[in-house]
Amino acid sequence: MPALRREPISSGGTGPRRVLILSADVGEGHAAAARALAQQIEASPEETEVTVIDGLAAMGRVLRQVVQDGYRVQLRFLPWSYSLVYWLLERVPPVRWLTRWQLRLFGARPLARRIAEYDPDVIVSTYPAVTVVLARLRRTGAVRCPTVATITDLTGLFFWAQPGIDMHLVMYGESMPSVERIAGAGSARLVRPLISAEFLEPRCPLEARRALGLPTEGRMVVVSGGGWGVGDVEGAVRELCRVPEVSSIVCLAGRNEQLHERLSTTFAKEASVHVYGFTDAMPQLLAAADALVHSTGGVTCLEAKATGTPVVSYGLPVGHARLNTRAMADLELLRLANDTGELRAHVQASFAEHGVARGEDPSLRGGGSPERFDEQSPVAARTGGVAVAPSAELPRTGPAHVHPEEHPHAVDVVLRAPRRVNPIPLWRLRLAAFCVQLVVLLGVGMWTMSTDEVSAVAAAILHVHTLAQVRTDRPDVGVIVRAPADDVVRVASALAAQGIHASFADDGVHAPATIVALRALGDELLPEIPTGSSLLRWVRTSGALRAQARALGLHHRFYFVTPRGGRTGGLTVGQLVLASSAGATPVSGALRLSARGPLPQRPTRAGDVLVVGADGSGFSVRGVERLVTWLRADGLSAEPLAALTRSR
């Protein structure tokens, strides 16, 4: 991965300082913050070169399509799914870790290559997903210059703030503790809101309306669905059309062409409704408006506050938009409407608030013209008696609600970004990579040895063939009865009384008395792998089989009964391997029956091995007798497995 070997920025450096801003076309807020910062840097008296690129696109086509297109589809068509994804990211750490890992896996190398093309002195990210990858590049040493990330939200900072970022530019003081808890003490600076300078210019609301071709009488409301035109924009416009004092509604559909077309058709006969697509006239629109109804929050709310326009949040109660707007409502930075009834009430309350702020005659708050203002008001005094938006009065933020004018501009922090992050030493990165690979290898190996899903493949590779049938010229069938250890002798005695002899398996529990009793009856015991649910049960396979073989006096090569189920009789790969190393051949049987169940549906042939499960009850004993009688009717004789194998 290429490394950027720029020295840290210092005020005494020579040549222009190169600033690379990484944004993303995911909504308009991230791009607006990038443009505002670029404007500040270009207007700086210091010699600088600033470049803005799409950081999400630089991370590769796959990530861009998944993040950008997936996010757009979710917000427009499946907003509930975005709430679910956001809840998982916020509340379930493994999901959050996996998402970060995937972003770094797919995006780190492409982003590092793209950054290397510009050889910057400082890098700024305005989009959280890009911040995650940039932080990783900084911590691993692939990026050596200082890194900065902007944070325009109040809540949900688990991606906005990253330990690998040298400095975070925070717009709300309430976010500072959360950022420093994630990224470390001294990792955040409270700066003035990152908005375009156009929003700070004094503007006359009436002149702004005239320039936009909108009525100067009555109230004006801007309804915005953000850059992508999401949320219940249509519902908001319908409700505001019923408010008598509203003379004009400017509806912003953003880049959502389908929404623009639908709104234009739906409200074609409403003279007060004006439908816009994506527009650069937001400073004029907000200066002219008496209220902004916005669905997504973020930078647009900062822009509205800069122009003194009251904000009502409505239309998209999902994911981070829901949490962020609730937090802003708690701080009284906006009004939050949960339905159209609350929307109407909040908008009308905003009219009254806005009229007082502009020095409007209180007698006209019911819907008259906003052309009369108090000439002694602070707003009018600054503009020679002409009412303008109180652009200098930005929202008060911070733990002590310090006026934003006391905070530095973002450009001042960016151009003097400290080198706070110490890259992780190379040996630690290699050790971590080795440990991860080792854990993965052990995990995969453990799963492979503990499962019977691929044991058939392992059996083919090891050339292990489970015994199901014995070639013989005699009409014999091998019968293995699997019974509880405490009932083996009793079952064998009952069968011997009927002249029936078989092999027995007792889950690998061979008491010496049981071995002696079965030999006296002319029967035999077979080794069997003990059953169990432990993940590492296969580890005991070799030792258990060898111990049983010694107790039964068996030689190096012997047979054992496999567990129940599976294509290889329920053997896991580990059991198969260790049993083979112990010289044991698995017996799965041509048929596996229950003594309490029906007789076989297909004919039994000479040499077949039948494994019969008996629970030790008298009914199961009679079931074995019934099976032997059925075999004898076909001219077959039931024998222990040892007798069958000797008749090859």
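Where is Asp-507 found? The first point below answers this; the model is a predicted one.

1. Asp-507. This residue is found in the loop that runs between strand S14 (503–505) and helix H20 (512–521). Most residues other than glycine have a negative phi. Asp-507 has a relative accessibility of 30% and so counts as partly exposed.

2. Glu-332. Here too phi is positive in a residue other than glycine, with a value near 60 degrees. Glu-332 has its place in the loop between helix H13 (319–330) and strand S12 (335–336). The relative accessible area of Glu-332 is 70%, over the 50% cut-off, so the residue is exposed.

3. Phe-199. The loop between strand S6 (188–190) and helix H8 (205–212) holds Phe-199. Its relative accessible area is 5%, under the 20% cut-off, so Phe-199 is buried. Met-282 is 83 residues away from Phe-199 in sequence, yet the two C-alpha atoms are 8.3 Å apart in space.

4. Aromatic pairs. There are three aromatic pairs in the structure. One of them joins Tyr-86 and Phe-158: the ring centres are 5.6 Å apart and the planes stand at 50 degrees, so this pair is tilted. Tyr-86 belongs to helix H4 (residues 79–91), while Phe-158 is in the loop between strand S4 (147–151) and strand S5 (167–170); the pair therefore ties together parts that are 72 residues apart in sequence. Both Tyr-86 and Phe-158 are buried.

5. The ring cluster. Phe-158 also pairs with Phe-159, with 5.4 Å from centre to centre and 75 degrees between the planes, an edge-to-face arrangement. Phe-159 is buried, as is Phe-158. Through these ring pairs, Tyr-86, Phe-158 and Phe-159 are linked into a cluster.

6. A charge over a ring. Arg-255 places its charged end over the ring of Phe-278, at 3.8 Å from the ring centre.

7. The second largest pocket. This pocket contains about 930 Å³ of space. It is lined by 19 residues, and those closest to its centre are Trp-101, Arg-136, Thr-140, Leu-429 and Ala-433. Helix H5 (93–118), helix H6 (128–140) and helix H17 (426–450) are the elements that give two or more residues to the lining. H17 gives the most, with seven residues. By residue type, the lining of the second largest pocket divides into 13 nonpolar, two polar and four charged residues.

8. Nonpolar cores. The largest nonpolar core has 49 residues; the members that touch the most others are Val-19, Ile-21, Leu-37, Leu-169, Met-220, Val-222 and Val-414. Helix H1 (residues 29–43) gives the most to this core, with seven residues. Another core lies apart from it and has 41 residues, among them Ile-53, Leu-63, Val-133 and Phe-159.

Terms used. Residues are numbered from 1 along each chain as its sequence is written. This is a predicted model: local features need pLDDT of at least 70, side-chain atom pairs count only at pLDDT 80 or more; totals for chains, interfaces and linings use all residues. Side-chain values use heavy atoms; hydrogens and water are left out. Rings of Phe, Tyr and Trp (its six-membered ring) pair if their centres lie within 6.5 Å; planes under 30 degrees apart count as stacked, over 60 as edge-to-face and the rest as tilted. Helices (H or I, at least four residues) and strands (E, at least two) are DSSP runs, numbered from the N terminus. Buried means under 20% relative accessible area, exposed over 50%, partly exposed in between (1.4 Å probe, protein chains only). A charge sits over a ring if NZ of Lys or CZ of Arg is within 6 Å of the ring centre and within 35 degrees of the ring normal. On a 1 Å grid over the protein atoms alone, a cavity is a set of points where a 1.4 Å probe fits but cannot get out, and a pocket is an open set with protein on both sides within 12 Å along at least five of seven lines; lining residues have an atom within 4 Å of a point. Grid points are joined across faces, edges and corners, and a volume is the space filled by probe spheres set on the points. Ala, Val, Leu, Ile, Met, Phe, Trp, Tyr, Cys and Pro count as nonpolar, Asp, Glu, Lys and Arg as charged, and the others, Gly among them, as polar. A nonpolar core is a set of buried Ala, Val, Leu, Ile, Met, Phe, Trp, Tyr and Cys residues joined through side-chain atoms within 4.5 Å.
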